[in-house]
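Welcome, and thank you for taking a look at this structure. Please open the view below and keep it beside you as you read.

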2 protein chains.
Amino acid sequence: MSIADPAVAVDAMGGDNAPEALVAGSLQALRGDAQLRLVLVGERSRLEGVLARAAGAERLSLEDADSTIAMDAHPAHAVRAQPHSSINIAVDLVAGGRADACFSAGNSGATMAAALLRLRRQPGVARPAIATPLPTPNGTTMLVDAGAQVECRPEWLAQFSAMGSAYVRTVLGIARPRVGLLSNGEESSKGNALVQTAHALISQMDLNYVGPVEGSDLLSGRVDVVVCDGFVGNVALKTAEGVAAMIMAALRQEAGADVRSRLGAALLLPGLRRMRDRLDWRQVGGAPLLGVRGLVFIGHGRSDAAAVASALRVAAQAVRAGATLTAGLLPPVETESLEG
Amino acid sequence: MSIADPAVAVDAMGGDNAPEALVAGSLQALRGDAQLRLVLVGERSRLEGVLARAAGAERLSLEDADSTIAMDAHPAHAVRAQPHSSINIAVDLVAGGRADACFSAGNSGATMAAALLRLRRQPGVARPAIATPLPTPNGTTMLVDAGAQVECRPEWLAQFSAMGSAYVRTVLGIARPRVGLLSNGEESSKGNALVQTAHALISQMDLNYVGPVEGSDLLSGRVDVVVCDGFVGNVALKTAEGVAAMIMAALRQEAGADVRSRLGAALLLPGLRRMRDRLDWRQVGGAPLLGVRGLVFIGHGRSDAAAVASALRVAAQAVRAGATLTAGLLPPVETESLEG
């Protein structure tokens, strides 16, 4: 293993389109990166059909799992009840040093539970957080936390801001990432109690903190990191996806409304495709789980091959950037046992 | 005053585009409703320029205010310090029975404070909530609360669900409005502590409660009312606006990219306009403040004439529906003095 030849473990069984999309996305990622190595983790019996396509692929190996954690399984229970499931094995490969990073589009709660149990937290981290990249007109903004912790303390949000900033600095190469705290207005008088206290804490930290930002700044490109609790992050993320899907559906409907519109849409098609690609969450890669001792990437359950390939590209980029141990300077927080 | 000839007081000084947009929107509303009467409230000296256009308009009267509450003023302070400001006078006209409803696109916190102070809450209501209508493919969904209460107790969310349901039933004429509770997943195991407790409470109520819904259901049309605390509601609303604005900007950019695209966009233009109108928050009217003893409508600060006219149309509709006293059956909540 070296950071020049990153090895990424792929949970081939996780996600709505598994295993096909995972295998196809893996092959696509290998074609796009001549140094990348991948380990497909899954139940051999269920993979046989699609493995034929992957047979003989260089830099692709297989690792057996005896089961798959269902998308709707209770995360902590399932991770314990199915120790040799594909998610657990993928995380184990990272824990044991046989892979530099892992990726799953399966049960994200289970992926998080497996990472906590088998990799444990980085020193001083109270809670891990999911950092989901959002497309903006000029790059990406990381939403931290996008759903890992639905009930947060202010100090945890302060840690999320340091963790998100460190990730963006290390992996995306932005020297002083701009950090915003998601609130209901830009004035520091706005916000609920959680946000007001977190604002005071983050203001004291050595970060490029721009202050409270609003929901409209998730995609405006004004900041590189938006910090919030995982409940709010999940709602914002799904609202954004819902609005985008609704507009694209309305556009499709209008584009087919009559002959004139169909002709117009045909002429505009290359532009519409560029627009769709630019807004597409599938193009911006998987979401790193910040705060654990290893690189774990979580994919959307609906990930298709393009989304998988994009996530694996980002995972390889993170390995090469040496992001494993860069949580940054965290404000001290009382941490209790989570992994027991 | 009668509900056939509704009289609506309009804060002519409130909003980024005041007074022009307020006056123009008022005239537009009068043209669209032959029974509507409007009372423009504002500082005569600052209204003179635009009043010339309104002079002689039937069913339009003027009411003097001595000042205007600034958009960024502290709501409770300003409402007390400027008792004869346009927002206060507009609310006073409702309190005194000279208007059936009022509308302001000004400082929404001040409008709420004025309503609490001068109209007071409906019996049994713990906290008022803002119900913002969102456009969906087949109508509107009311988001309750869209920003009035950033820190909520579970019982308040339960009341919001009853208040929202009653408004939709009375004003929009939907017999059994479908109510959803905004959460980070549809399973009742999801949600933070606030949402989980609220879910248990709402499940016991005589409502058409569909259970927890996700951010994507704000615009899907799956429910008629989405209940959440005002912090989450504000973030979701501004996220939705931000995504829509970003997509429309990307569409404009692609439509002007080259000759072919410009021709395509020109052909598709009627469809694009229909789509824009369908998604436009300005078309769906103002947001009623639920839970106070009178009809108070809050407009977006950026309201233009079309948005004002649309809000006044909805206000008139609410008056005609007799929505004033229909809070519905509220679950009992300990209420403390707010208006003091």
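What follows is a short tour, topic by topic.

The model you see is predicted. It holds chain B, of which 48 residues are in contact with 48 residues of chain A. A rotation of 180° superposes chain B on chain A, and that is the relation of a two-fold axis.

**How the two chains relate**

- In general, two copies of a chain are related by a rotation about an axis and a shift along it.
- Here the rotation that brings chain B onto chain A is 180°, the shift along its axis is 0.0 Å, and the RMSD is 0.0 Å.
- This is the relation of a two-fold axis.
- Both copies use the same surface, since 100% of the contact residues of chain B recur in chain A.

**Where the chains touch**

- The contact involves 48 residues of chain B and 48 residues of chain A.
- On the side of chain B that touches chain A, the elements giving two or more residues are α8 (230–255) and α9 (259–279) of chain B.
- Helix α8(B) provides the largest share of that side, with 19 residues.
- Sorted by class, the side of chain B that touches chain A has 27 nonpolar, 13 polar and 8 charged residues.

**A helix pair in chain A**

- Now find helix α8 (residues 230–255) and helix α9 (residues 259–279) of chain A: their axes come within 10 Å and cross at roughly 160°.
- Because of that angle, α8(A) is roughly antiparallel to α9(A).
- The crossing of α8(A) and α9(A) is left-handed.
- From α8(A), the residues A:A244, A:M248, A:E254 and A:A255 meet A:S261, A:R262, A:A265, A:R276 and A:L279 of α9(A).
- By class, this contact of α8(A) with α9(A) has 5 nonpolar, 1 polar and 3 charged residues.

**An enclosed helix in chain B**

- Helix α4 (residues 86–95) of chain B has 10 residues, and 9 of them are buried, so this helix is largely enclosed by the rest of the structure.
- The buried residues of α4(B) are B:S86, B:I87, B:N88, B:I89, B:A90, B:V91, B:D92, B:L93 and B:V94.
- After α4(B) comes B:G97, which has a positive phi near 85°.

**Backbone details to look for**

- As background, most residues other than glycine have a negative phi, and most peptide bonds are trans.
- In chain A, the peptide bond from A:A18 to A:P19 is cis, with omega near 0°.
- You will find A:P19 in the loop between β1 (7–11) and α1 (20–32) of chain A.
- In chain B, B:V144 and B:D145 are joined by a cis peptide bond with omega about 15°.
- B:D145 sits in the loop between β6 (139–144) and α6 (154–172) of chain B.
- A:R120 is a residue other than glycine with a positive phi, near 65°, and its place is the loop between α5 (108–118) and β5 (129–136) of chain A.
- A:R120 has 15 other C-beta atoms within 10 Å, so it is partly exposed.
- B:R120 is not a glycine either, and its phi is positive at about 65°; B:R120 lies in the loop between α5 (108–118) and β5 (129–136) of chain B.
- B:R120 counts as partly exposed, with 15 C-beta neighbours inside 10 Å.

Technical notes:
Residues numbered from 1 in each chain as written. Chains lettered and ligands numbered in written order. Predicted model: local features only at pLDDT ≥ 70, side-chain atom pairs only at ≥ 80, totals over all residues. Axes fitted to C-alpha atoms, helices over the stretch in contact; angles between N-to-C directions. Helix = DSSP H or I, 4+ residues; strand = E, 2+ residues; numbered from the N terminus. Parallel < 35°, antiparallel > 145°, perpendicular 65-115°, else oblique. Left-handed = near helix turned anticlockwise from the far one by under 90°. Contact = placed C-beta atoms within 7 Å. Nonpolar A, V, L, I, M, F, W, Y, C, P; charged D, E, K, R; others polar. Buried ≥ 20, exposed ≤ 12 C-beta atoms within 10 Å, placed from the backbone. Least-squares fit on C-alpha atoms with pLDDT ≥ 70 in both.
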